[in-house]
Each structure stands twice: as C-alpha cells, then as structure tokens.
Amino acid sequence: MDFLTLLQVLDSTVRLATPLLLACLAGLYSERAGVFDIGLEGKMLAAAFLSAGVAYVTGSVWLGLFAGIAASVALSAIHGLASITFRGNQLISGVAINFLAAGLTVLIAQNWFKQGGRTPSLIGGGRWENITLPFAETLSGVPVLGPIYAELISGHSLLVYVAFAMVPLTWWILFRTRFGLRLRAVGEAPEAVDTAGVSVVGLRFAAVGICGILCGIAGSYLATGLQAGFVKDMTAGRGFIALAALIFAKWRPWYALGACLLFGLLQAVALRYQNIDLGGVVIPVQVMDALPYILTVVILAGFVGKAIPPRAGGEPYVKER
Amino acid sequence: MNDTVPAIELKGISKAFGPVQANKDISIRVMPGTIHGIIGENGAGKSTLMSILYGFYKADAGEIYISGRKTDIPDSQAAISAGIGMVFQHFKLVQNFTVLENVILGAEEGGLLNNSLSKARKVLKQLAEEYELSVDPDALIEDLSVGHQQRVEILKALYRQADILILDEPTGVLTPAEADHLFRILDNLRAEGKTIILITHKLREIMEITDTVSVMRRGEMTATVKTSETSPEELAELMVGRKVLLRVDKKPATPGEKLLEIKDLRHVDDHGVERLKGISLDLRAGEILGIAGVAGNGQSALLEVLGGYADATGSVKLRGQELPLSGPGSDGSARREAGIGHVPEDRHHEGLILDYTAWENAIFGYHRDAQYQKGLLMDHDAIRKDAEGKIERFDVRPANCNLAAKNFSGGNQQKIVLAREIERNPDVLLIGQPTRGVDIGAIEFIHQQIVRLRDEGKAILLVSVELDEIFALSDRIAVMFDGQIMGFRDPAETDQRELGLLMAGVTNTKEASHG
C-alpha cells in the first residue's frame, strides 16, 4: 500500500467516523445522565430524511440541517416524555423510535417525492461543500506533512470539523462546568441530585435534548454531506455502532474519539477492499462489517478492561421515602 | 438566636397515603441549640414527618414555622434555603465522585467548577477543625468507610449553611467507635448553636445524647418529654402502647455436647474477595453463640456457607459427621435435612417470597416433605392446615394465611420465617438479624422463642449487628472482623467498649482499654 492510498483510506476514515462520533457523543450525553438511548439510529434516520427533503426543496443546506435537528429533537422529546416523565422502559421507547423512524421516513418520502421512498439527489447548495483550509494548495508540495494537511486535514465539510471539535468541548462541559457535574451526578445517583435541590427531570431532559441535537447533525451529515440525498435505511446500523463505540469508550469523550476512528477505519477498509486476501485466506467483507460488534462483545466480556455504565442508567427516577 | 422562639415548629401536620394515615395532626416544637430525639417503631411515621420537613412530600394539612416565620417547603431547594440539612439513612452520595464534588453538587458558585472546588476545599478544612469532621477532600466516596461517608453527608449540610440538621437512623451502619465519634460531632454542633433532630429506634442513643425526646406511635405524636426526666422503660411503653420487657428473661445456659464443629472455614465470593479467612468455632447444645461485628465483615458469608448456599473450604462437622461444603449434598435442603435450620439475615430476599402467600411461605425449603404431597401434586389442604397452626402458635397477625407475605409487618414476617424453621425442630438453628426492622413488641416475642429453643437443648448461632441484642441473648460472644474471629468473650465479663474495639480489629483490648 503506498502513501497516497493510505492517506485516502484515512481520509475516508475521517468522513465515515464523523456520523459515528456525533451519534456516539449524543449517546454519551444521554447515558451519562442516566437515560439509555438505543434510538440513536432512528433519530439519525429521521434527521437524514428531513434534512435531505428540506435541503432539496429549499436548496439550502442550512435549512436542511435545522430541519434535521428539529426532526431528531422531536423524537428525543418523545423518548424523554416516555422514559423520564412517564417513567417508561427506556429500551422499549428507543426501539419504538427506531421503528417509527424507519417506517415514517420512507412513507413520507414516497408520498412527497414519489421516487420509491428516497429523496431526489441533492445538487449545488443542497449539499455541504468541502472546505479547503488556508495554504492547503501551497503546502501540498511539502513532503509527507503537506499531503497529510492537504488531503487528510483539509477538504472536509463543516460538519466534520464540528464533530471533531465536539470532543474537547464535551470533555470540558462534562468535567469543568456545573452543568457537567450535575449531568454526571444524575446518571450515577439521581437521589443525590434531588436532595441537593436540583431537578432530576430538568437535567435529564436537557441531556436528552443535547442528544437530539447531535443526532440531528449526524443524520444531516449522512444525507447532505457524506451522500447526496436520502435513501431508505441509509443509517445502516450506524446508531448501533455508535452505541458499541460508546461502550468501547467507557462513556468518555476522548475514548469515544478513538473508538469512532477505529470503527470508521474498519468501515473505510471494508469499503475500499471488499474481500481482503491474506495470502491464501480471504477475509470476506462481512467480517469487517461485523468487527465493531465483535470488539464490543470482547469488551463487554471484560477482556479489555471493564466498562462500567453510569450506575443509574436505564432506571427511571422515583423518589423513595 | 432567641431562646424562646423554636428553631422548628410544626403545627397540625397531617399526611395520608391512600387509606393509610401516616401522620395525624402532629405538632412539635424544637428549641434552637438542642438535640431533639424522635423515637418510634417502624412505620410510626417518623420518616414521613421528616420528609415533609425536607420538602419530599407535601403535607395534607398543617403549618411549618422556621425560627418563628411561617415557611412553605414545597421541595428540597426550599428546605435548604430555610437552613435545613438532612442526613438520610441511605446516603445520597455519588459513589464515583470525590468528596469535594459531592459537597458542591447543587451548591456550586457560577457555571464553572474551579472556584467552587477551591472554595469548598477551604470551607471543608475549617469545618474539619471546628467539628472533628476530617475527611480527605480528594478521596472518592466509594473508597471511604461508611462512617466517613456519613461525615461527607454532614459536611454537605454544613457547607449549605444548615442551622438545623436532621439525622435519620444515623448509627445503624456504624461501629460503636464510629457512633461515639458521631455523637462527639453532634455535641460540637450543638455547642455551636445548631439544632439537631435525631430519628432513631434505639433507646440507648436517645438517653445518651438528646435533650428532649418525642415519641411517635401509629402516625401520632404520643408524648414529648425532657430526656433527663424519662427512662428507657417509659419510652418503650410510650412507643408500643403497653408495658414491654426490655431485658430478656433467661436462666444460665447448660451447654451439652458439641453439635457443630467448624475448622478453618474459608470462602471466596463472586468478586474474588476472601470473605471468610479461616473461621474455627464450636457450638454446643443448649447454648446461644452470638456473633458480633459490623455488617460486612464475613458474618453473612458464614451464614450462607452453613445454610448451604455458598461454597467453602475447610471442615464443618455436625454431631461428628463431616458435611460437604461444595458440590452435591451441600445445598440448602440437604442442610435442612441434616438438621440445620436457617433464619436468613435478609428476610425479604432470602427468607420469604414476598408476593407469595403466608401458607406457601410457611413451607419453603421443606416443600418436598412427604406430609405436603398427594401423589404428584401438593396437598394444599394439608399445607394450609399446617400453616394455620404455625400462625396461631407464633401469634402472627393478622392470622390470615392467604395474605401475601408483603402485607405483613416486619415483625410478623419474621415470625412466619421463625415458625417455619423452629417447628421443624432443628438441632442447630442459624439466625441472622432476628429483629432487624421488627417492632419492640415483636422483638420481645422473638427473643423469648430463641431462648425457649436453647432451653430445649438446641444449639443456636446468632448473628446480629445490634450489640444490645448480642448481649441480651448470647451465652458466649464471638467477634468477627474482616473474615476472622477476633476472639470469644463471656458476656458477663465484657462490655460494649471492649467488643467495639474487637469489632474494629483491635485485638489487645485489655491494653487499649487501660491506655
């Protein structure tokens, strides 16, 4: 493999890791606050559809982004209502959201665009443009570092940079701000938050809301950045891979970056080399697709350290006597 | 502060949960700078009353006055700003946060943490010096002992500038030494003019530290008296509504043959922690051996191993016969068959199936006995009749064997378990925490049953975290600490202080008690 191929694979890794990273951080906020969310997939899908639809109709990728976020936040609100206000089962609510999104997106798309449940391809202003960072052209002649800067770091769409900037920002919010302290506390011991005179419900809704926004950005990126339009089930399990990455990352922002890059790399390799020939043994592409899940099982089995979820995760908070 | 205006005054507080009247027209005045005890049995309404004061529940009727001002307390935030701090029985701490983080949670200064943390560090240092409340500010809660965790709870309240501190059953989880330290802290707080409400069911604590005591029974405040003008006997009578015997009436033991011989018993739990580190003891017929110790020092593991639901190594002989400690023949029913009855520590999880009826619960563990079978099926009539007899003999109330176990009070649940195990006439009876969460009236009855069994020549292994209970019942006392037996003592020749030191792992108690 030559240097340029390597760069191309890594470049594709960055693109593919972006939606994973956004969804993973979305899940991180929600689960750190004690609300498990397996509806990441559904929220991304809804966002992907609505952002593509609105971007096509209005020709504005920004309006598309906002519509995508709105769709995702609306589903978050349902999840919050079901699992926080009415203390329902968080897993069931999440599953319901996934089904709802999978069905509704295709139904509305067919009704709206009559193209078999997809949106028309986006052109021009309907898609995110790649940003060329300053001096990318001039520096590309510099050996090694030049191509890395020009190919790998420069030339992505705005949302990619947003996603990567979210990592330090999330770390800072979680560990350096009052909001972060309370958010982490409410996922570990909501009764401590409650007796300290802080609203458990308010905090959890805030976390679920942030989760909705980030999932919205992730879905919009899929339909208006990575691809040019919405197709049926285009999230293709990314929401679940993001959840796997979240466990892999032990619910920590920087680890999440590492996990998402790793899973992005696996996807990039699978995309570029359909079947990998290792001198006689051919690894089929399905193995690469399954690797994130296999790695997660290995983690959960405790081979690579222990992943301890937030203690109050998955449980609705009921005041006890 | 004006000494004639009460720090807290409650007027006519009432609260009902459905048909249950938890608090009935309760009025109370707590003077500033005093320690006011509230005593009452489980379910008397103490915790409900305090939850109303801390804004967890809204009272149906009644008024709250703080330092003479009428105050509404709709939520915890309002209670905190009214200067009320609460130390719950089950601590409200974030386990993987540091002490500092727990202290500032909800009382942060501004949006960023840096300022709050450095301010809290300073304040904590002051408080530590002022009140003997030292805790490492950077330690994680999960690494702290229970006593230190409780200090963090008190620090949390003081950091929020609480003038009124409510403590709910604060000594339940503490060693005697830790409890003494807590009382010193409370003394210091009182000297500084803080007002303290102490909720407890332990008469000794009330007599030791409070200035005034209020007694609650069935949702009502039955009396408020000066501690110096009352006695434990009078308080017990006020709590229960009739005269109770606080001392257990028993003759000296007449120990017979060795029934149970335990040698070098070792047990490692599921987390790989060695819970029993070589326990050796003998148990004779006609004696009660009390195992004292702070919860979590291996007593539970000992009961589980002997009761047949945890594996171990070492040797256990019953009447000279070796019992298997793992593999076939080491389970609970084999132990019961061999003649070892077991009243487990946790009656809700191990002693009963709460959703099952009393008659079903009355045969668990013995449900394979021939007398309960009718061909392939169970003989429900026989089981019911059997249960009705047990209920009558053990005075279970209500005497209705069709009620689910969860509908009985703690004391009556315990009577069901005791009836099941005792009526099978075991040679050895293991009893864990026989009176935990049991009201005083029932305690009297349960203690009498245990002594009766001893007088019939049975061997009884009693595990209890209540030292008073150990002293009242035991003919011999063994103290456990960290999976080992620190020593055996004769109850007539030892005292709470010596046992307290043993429970904390100090072995040369003679020296320690002189120096």
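Predicted model: local features only at pLDDT ≥ 70, side-chain atom pairs only at ≥ 80, totals over all residues.
User: In what order do the strands follow one another in the open sheet of six strands in chain B?

Analyst: The edges of this sheet are strand 16 (340-343) and strand 22 (484-489) of chain B, each of which pairs on one side only. From one strand to the next the twist averages 20°, and the pairing is mixed. The order of the six strands in chain B is 16-19-20-13-21-22.

User: Which residue is the bridge partner of Glu287(B) in strand 20 of chain B?

Analyst: Strand 13 of chain B covers residues 287-292 and strand 20 of chain B covers residues 459-463, and the two run parallel with five bridges between them. In strand 20, the partner of Glu287(B) is Ala459(B).

User: At about what angle does helix 9 of chain B run to strand 19 of chain B?

Analyst: Helix 9 of chain B, residues 299-307, lies across several strands, among them strand 13, strand 16 and strand 20.

User: Which residue takes a positive phi in the hairpin of strand 11 and strand 12 of chain B?

Analyst: Strand 11 (residues 258-268) and strand 12 (residues 274-284) of chain B pair in the antiparallel sense over eight bridges, and Leu265(B) stands opposite Ile279(B) in strand 12. Five residues lie between the strands of this hairpin. The residue that takes a positive phi, near 80°, is Gly272(B).

User: Is Phe394(B) buried or exposed?

Analyst: Phe394(B) sits in the loop between helix 13 (380-393) and helix 14 (410-422) of chain B. Leaving aside neighbours within four places in sequence, Phe394(B) is in contact with Lys415(B), Leu418(B) and Ala419(B), and its C-alpha atom is separated by 8.9 Å from that of Asn412(B), 18 residues apart along the chain. Because it has 23 C-beta neighbours inside 10 Å, Phe394(B) counts as buried.

User: How many residues of chain A take part in the contact with chain B?

Analyst: On the side of chain B that touches chain A, helix 1 (46-53) and helix 2 (76-81) of chain B are the elements that give two or more residues. By class, that side of chain B has 10 nonpolar, nine polar and four charged residues. The contact takes 23 residues from chain B, and the number from chain A is 19 residues.

User: How far does helix 4 of chain A reach from its first C-alpha to its last?

Analyst: Helix 4 of chain A, residues 90-113, has buried residues including Gly94(A), Ile97(A) and Asn98(A), and what covers its buried residues includes helix 2 (40-58) and helix 3 (61-85) of chain A. Just after the helix, Lys114(A) takes a positive phi of about 50°. With 24 residues, and close to the 34 Å expected at 1.5 Å a residue, helix 4 of chain A reaches 34 Å.

User: How far apart are the end C-alpha atoms of residues 65-84 of chain A?

Analyst: An unreviewed UniProt entry places the feature "transmembrane region" at several spans of chain A, including residues 65-84 and 254-270. Residues 254-270 are 100% helix, with end C-alpha atoms 25 Å apart. Over residues 65-84 of chain A, which are also 100% helix, the separation of the end C-alpha atoms is 27 Å.

Key
Residues numbered from 1 in each chain as written. Chains lettered and ligands numbered in written order. Pairing = 2+ DSSP bridges. Helix = DSSP H or I, 4+ residues; strand = E, 2+ residues; numbered from the N terminus. Axes fitted to C-alpha atoms, helices over the stretch in contact; angles between N-to-C directions. Contact = placed C-beta atoms within 7 Å. Nonpolar A, V, L, I, M, F, W, Y, C, P; charged D, E, K, R; others polar. UniProt positions renumbered as here; feature names shortened; annotations may be inferred. Expected span 1.5 Å × (residues − 1). Buried ≥ 20, exposed ≤ 12 C-beta atoms within 10 Å, placed from the backbone.
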